[in-house]
Amino acid sequence: MRTRYRSFFWPAVLILIGIIALLANIGVISTDRLSMLADLWPLILVVVGLELIARRALHGANADLAAVLIVLIAVGGAVVYVAVAPNPDTSHTLDTSAAVGSLNSASLEIDAGAANITVTGASLEGDLYRAHIQYSGGKPDVSIDRSTGDLTISEGNNTFGLFASHRFTLDLQINSSVAWKIATNSGAATDVYKLADINVRELSVDTGASREEITLGKPSGIVPVTINGGALTVHLHRPAGVPAAVTVSGGAVSLEGDGQQRHGFGSQNWTSPGFEGARDAYKVEVDGGACTVTMDTTAAAA
């Protein structure tokens, strides 16, 4: 007689939900951690697969015992995960700074996923930078190499909650008496760069779908500004009288330079009067999918 397959998985799911609800009701775990159960959906596939393997390799009571052990281990692991794993939805803050010392030039690299980033030049009374970060998930990594002036700010990795969304908001002030190279790598982002008081030697942004608001000061030399991404909206502002050239490549392109509009597919270019032969100017290259780019001499709104 053929033995009917009996899965212990769904009864175990009910037991798991009951245990976690009970722990939440009696205050052992906080209710805001219940959403972490959604992270465990791949465990369904793992447990069902292991049950099938156990029942094919074993028979009778041994198969039932192996299936029960698999389910009990999975339930125990799920309870521990919800109870003690870092909650990716919990918001935290991090404030950090470092002394400028003898540095007269520095570089900044920001690595993040979906993010809101604001970088502002300021007089910091002896500090190289001051960062205020609001985040969920793993703690961000902020490091500086004093010998080179390389400042790196990275969104924290979280080995838990692989399918959870993380928040990362960076408000960064950088010392305006120092010359800076700035590079940002991000996913979907909203970035604001208030660099009117900064000697920017280079600015590069690699991103996904993003909005970039960039205010620049007086350049020293030909300063490259490169922006690569998907769907891009880029607004650039520079002081009056500063020469600039903008090249935009991609799919559907909209480019406006000092009121002169260009639209099309593929590539569009604009050059301000005085750029050819200028010693101090901005050379901007934007490459993406659908791109909307403006360059003007009007300060960005506060």
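The side chains of Arg238 and Asp258 form a salt bridge, with 2.9 Å from N to O. This pair links distant parts of the chain, 20 residues apart. Arg238 lies in the loop between β13 (232-237) and β14 (244-257), while Asp258 lies in the loop between β14 and β15 (260-271).

## The chain as a whole

The model discussed here is predicted. Its chain contains three helices and 17 strands. Of the 302 residues, 41% are buried. The chain exposes about 15,400 Å², and carbon and sulfur atoms supply 56% of that area.

Among contacts between residues at least 6 apart in sequence, 65% join residues at least 24 apart.

Glu213 belongs to strand β11, which covers residues 210-216. Its relative accessible area is 17%, so Glu213 counts as buried, the limit being under 20%.

The side chain of Glu213 makes a polar contact of 2.7 Å with the side chain of His237. Glu213 also forms a salt bridge with Arg211, in which the closest N and O atoms are 3.8 Å apart. Arg211 is partly exposed, with 41% relative accessibility.

## The salt bridge of Arg130

The structure holds three salt bridges. One of them joins Arg130 to Asp127, the closest N and O atoms being 2.9 Å apart. Here Arg130 is partly exposed, with a relative accessible area of 31%, and Asp127 is buried, with 19%.

Technical notes:
Residues numbered from 1 in each chain as written. Predicted model: local features only at pLDDT ≥ 70, side-chain atom pairs only at ≥ 80, totals over all residues. Heavy atoms only, no water. Helix = DSSP H or I, 4+ residues; strand = E, 2+ residues; numbered from the N terminus. Buried < 20%, exposed > 50% of the residue type's maximum accessible area, 1.4 Å probe, protein only. Contact = heavy atoms within 4.5 Å. Areas by Shrake-Rupley, 256 points an atom, 1.4 Å probe, with all protein chains shown as cover. Polar contact = N/O pair within 3.5 Å; in protein donor to acceptor, adjacent residues only side chain to side chain. Salt bridge = Lys/Arg side-chain N within 4 Å of Asp/Glu carboxyl O.
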